[in-house]
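Here is a short report on one protein chain.

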Amino acid sequence: MEEEMGELRRSRPFAAKEFVLSDVMYFYKKGVESIVDDQVTQRFSSEELVSWNLLTRTNQNFHYISLRLTIIWGLGVFVRYCILLPLRITLAIIGLSWLVIGTTLVGFLPESSAKNWLSELVHLTCYRICARGLSATIHYHNKENRPQKGGICVANHTTPIDVVILANDGCYAMVGQIHEGLLGVIQRSIVRSCPHVWFERSEMKDRHAVTSRLRDHIKAKTKLPILIFPEGTCVNNTSVMMFKKGSFEIGGTIYPVAIKYDPRFGDAFWNSSKYNMVSYLLRTMTSWAIVVNVWYLPPMSIQILEKVVAKQLTAALDEHNIYDSFQSGFRRAHSTETALLRVSN
């Protein structure tokens, strides 16, 4: 910034001073640029690549394509759109059709261990077919930490296909709003065979109702682990937004999962403000491949009873003024400043 200010002042026709009124506009411009291009905003734009991956110009610094690269790019377009795309669409249709038909048929069976086994088999088979339709190459790490039944799986969120990626290695109970159209048909069919948690639009605004239903689900240790994306939105896979704490207030065992896509073979990030679902899926299915690493992290437990007891105990101590007069630690509206003031006085 100092070099830019120096060049700006040297370019003036009059003698440079330490500060002139027009400098205000320079600092104003820099401030606006910082607001527009802050770290949070950058998380909602596609990651810049160091080199071109023969898909789209995902690097703004890349300005020239040679004739040789143009010919290779043209051949790549033919392979991706004329060969890979039809095959991938066919696999996706097969996978989704079998998911709807299979789960509907399993839903007619009475509740039993056999029904649960068939439901998990149908889900795994269909999601794996859909993953092949995306040419997904998935590497799972630390499988000993995989989410178990009666738990809550929380993961970072980059794309709607995160569900397909995770469901290739195990079945989950999905949580979400009830939709119409094709997605609604899929939701209604899979809930027949597996206890997914779907909410009406009006229920999604009732935090207490949502929490109550999720708690009821995890109380049954035989039900599939709930899959939640606490960020609440898709982020470009370069960083993670702060998780919403509501996902951790349900209780039970938390199974953290980290998902990282390799952008060199295809950009999996869904910028919902720029692309609708159809155009996003088209871009994904015409990429070279979806390469992703999944890390299962050690599970963590939240002791709700500890929180309740601590809260009640603190309230009782405050109400009856049982604290020592010089205690400032672990007390509301107390700090090292209040401790020093009391000692000095």
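## Largest pocket

A pocket is an open set of grid points with protein on both sides within 12 Å along at least five of seven lines; its lining residues have an atom within 4 Å of a point. The model examined here is predicted.

The largest pocket holds about 2200 Å³ of space. Its lining counts 50 residues. Pro160, Val163, Val175, His179 and Leu183 are the ones nearest the pocket centre. Helix H4 (residues 67–107) gives the largest share of the lining, with seven residues. Sorted by class, the lining has 35 nonpolar residues, 12 polar and three charged.

## Chain overview

The chain has 345 residues, and 35% of them count as buried. Its secondary structure comprises 12 helices and eight strands.

Take the contacts between residues at least 6 apart in sequence: 70% of them join residues at least 24 apart.

## The Thr286 site

Thr286 sits in a loop, with helix H10 (277–285) on one side and strand S7 (290–296) on the other. Is Thr286 buried or exposed? Its relative accessibility is 3%, so Thr286 counts as buried; the cut-off for buried is under 20%.

A polar atom of the Thr286 side chain lies 3.2 Å from the backbone oxygen of Arg283. Leaving aside residues up to four places away in sequence, Thr286 touches Leu55, Arg80, Tyr81, Leu85 and Arg88.

Definitions and conventions. Residues are numbered from 1 along each chain as its sequence is written. This is a predicted model: local features need pLDDT of at least 70, side-chain atom pairs count only at pLDDT 80 or more; totals for chains, interfaces and linings use all residues. Side-chain values use heavy atoms; hydrogens and water are left out. Helices (H or I, at least four residues) and strands (E, at least two) are DSSP runs, numbered from the N terminus. Buried means under 20% relative accessible area, exposed over 50%, partly exposed in between (1.4 Å probe, protein chains only). A polar contact is a pair of N or O atoms within 3.5 Å; within protein, one must be able to donate a hydrogen and the other to accept it, and residues adjacent in sequence count only if both atoms are side-chain atoms. Contact means heavy atoms within 4.5 Å. On a 1 Å grid over the protein atoms alone, a cavity is a set of points where a 1.4 Å probe fits but cannot get out, and a pocket is an open set with protein on both sides within 12 Å along at least five of seven lines; lining residues have an atom within 4 Å of a point. Grid points are joined across faces, edges and corners, and a volume is the space filled by probe spheres set on the points. Ala, Val, Leu, Ile, Met, Phe, Trp, Tyr, Cys and Pro count as nonpolar, Asp, Glu, Lys and Arg as charged, and the others, Gly among them, as polar.
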